[in-house]
Amino acid sequence: MYKAFLIKYGEIGIKGKNRHLFEDALVKQIKNALKFVDGEFKVTKEQGRVYVEALSEFDYEETTAALKNVFGIVAFCPVMICDKTDIESLKENAVRFIEGSYPDKNFSFKVHTRRGDKHYPLDSMQISALLGEVLLEKFSELKVDVHNPEVMLEVEVRSRAFIYSQEIKGPGGMPVGTAGKAMLLLSGGIDSPVAGYMVAKRGVKIDAVYFHAPPYTSERAKQKVIDLAKIVSRYTGPIYLKVVNFTDIQMYIYEKCKHEELTIIMRRYMMRIAEYFANETQCIGLITGESIGQVASQTTQALAVTNAVCDMPVYRPLIAFDKQEIIDRAVKIGTYETSILPYEDCCTIFVAKHPVTKPQRKTIEKSEMKLSEKIDELVKNAIDTTETIIVRAQ
């Protein structure tokens, strides 16, 4: 019975003269999501509405799962399409809708009509009353409750009529691609995939960079990050993942600098390299999964020293989250089980026993001068040998 879905959006509706740009971006993202679903679909805009219409047989569960991942969709409704809009046809289809949707008819209901076609001979209240009347006549178990109905039967009359009663929650946010692009520093941990998801939810296209340190980190650790990127890409679309060989840089820092400063200096070089690739790919910011005070490198002082090497903004959507809140988000978006697999990334291999928690910028910059002989060459080599992997959801 359900051959289409009515897409509901939120913030897009208040975008004024730019609204059509956001609607077009939403249509594009819906089409991209449905590429992985069996069936042929048409996605259209009509009078402030977006519709997904099946043109062939399709998998209902796969389709709803795909739509649940599209940022910009607040909710969507499986609808019955009625090509004829005369009142007798509407009555017949309302009866058919209730018959097909609700085997148990023992519930209260209300009919709510929106009349998009202002030339229609009946107004919204009259249509609702006539449809309610025929449903009460047909199904004796039904009861009308205009204040708190168990089922709200929605009817929209336009060039065609649409009947629906179920609303499935979407992720909300804004369509990906409407707010520029940013570079995510993606590790194998719990935090960074959640951070990427959250920024993408605001319409930002995501690229990512991962710092690999063989032989101290395994190929399985690298695959774990690729797998996390695949999960995130269900929501964001394809992700261009830069895999940087960071071993030589990390070992040189370990050799030349105080061990308690290792993490903060390592992070500063990661940010420098990430910003290089961000500029190369027209990103307008960096994204990290840092949260104040979670580890030594994430104190307010450490974050300030880390930020000092960047010219572009650094987005930290998890900055005020505690760990359990981040875990809850990771579970919700499907990254948690992969993140906790026991394959360490380079951030956890060379952790000092007593890392500095209140680093001073001048002190760290002085320590970095010890690296001047080889660090530029090592950074250049890391950039030149970086592997780019295009990661797509499966």
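Predicted model: local features only at pLDDT ≥ 70, side-chain atom pairs only at ≥ 80, totals over all residues.
When the extent is taken along the principal axes, the C-alpha atoms fill a box of roughly 85 × 35 × 35 Å. Of the 394 residues, 54% count as buried, and the protein exposes about 18,800 Å², of which carbon and sulfur atoms supply 50%. Among the contacts between residues at least 6 apart in sequence, 79% join residues that are at least 24 apart.

Attention then turned to the empty space within the model. Rolling a probe the size of a water molecule over the atoms shows where empty space is left. The second largest pocket found in the protein has a volume of about 680 Å³, and its lining is made up of 28 residues, of which Asn32, Ala33, Phe36, Ser233 and Arg234 lie nearest the centre of the pocket. The elements that give two or more residues to this lining are helix 1 (19–34), helix 2 (60–67) and helix 6 (219–236), and the largest share, five residues, comes from helix 1. Sorted by class, the lining of the second largest pocket has 13 nonpolar residues, together with nine polar and six charged ones.

Arg316 has a relative accessibility of 13%, and because the cut-off for a buried residue is under 20%, Arg316 counts as buried. When residues up to four places away in sequence are not counted, Arg316 touches Met271, Thr288, Glu290, Leu303, Thr306 and Asn307.

The second residue, Thr263, is found in helix 8, which covers residues 262–280. The relative accessible area of Thr263 is 14%, and with the limit for burial set at under 20%, Thr263 is therefore buried. Thr263 was also considered in relation to Gln250, from which it is separated by 13 residues in sequence, while the C-alpha atoms of Thr263 and Gln250 are 9.5 Å apart in space.

How values were computed: Residues numbered from 1 in each chain as written. Heavy atoms only, no water. 1 Å grid on protein atoms, 1.4 Å probe; cavity = no way out; pocket = protein on both sides within 12 Å on 5 of 7 lines; lining within 4 Å. Points joined across faces, edges and corners; volume = space filled by probe spheres on them. Helix = DSSP H or I, 4+ residues; strand = E, 2+ residues; numbered from the N terminus. Nonpolar A, V, L, I, M, F, W, Y, C, P; charged D, E, K, R; others polar. Buried < 20%, exposed > 50% of the residue type's maximum accessible area, 1.4 Å probe, protein only. Contact = heavy atoms within 4.5 Å. Areas by Shrake-Rupley, 256 points an atom, 1.4 Å probe, with all protein chains shown as cover.
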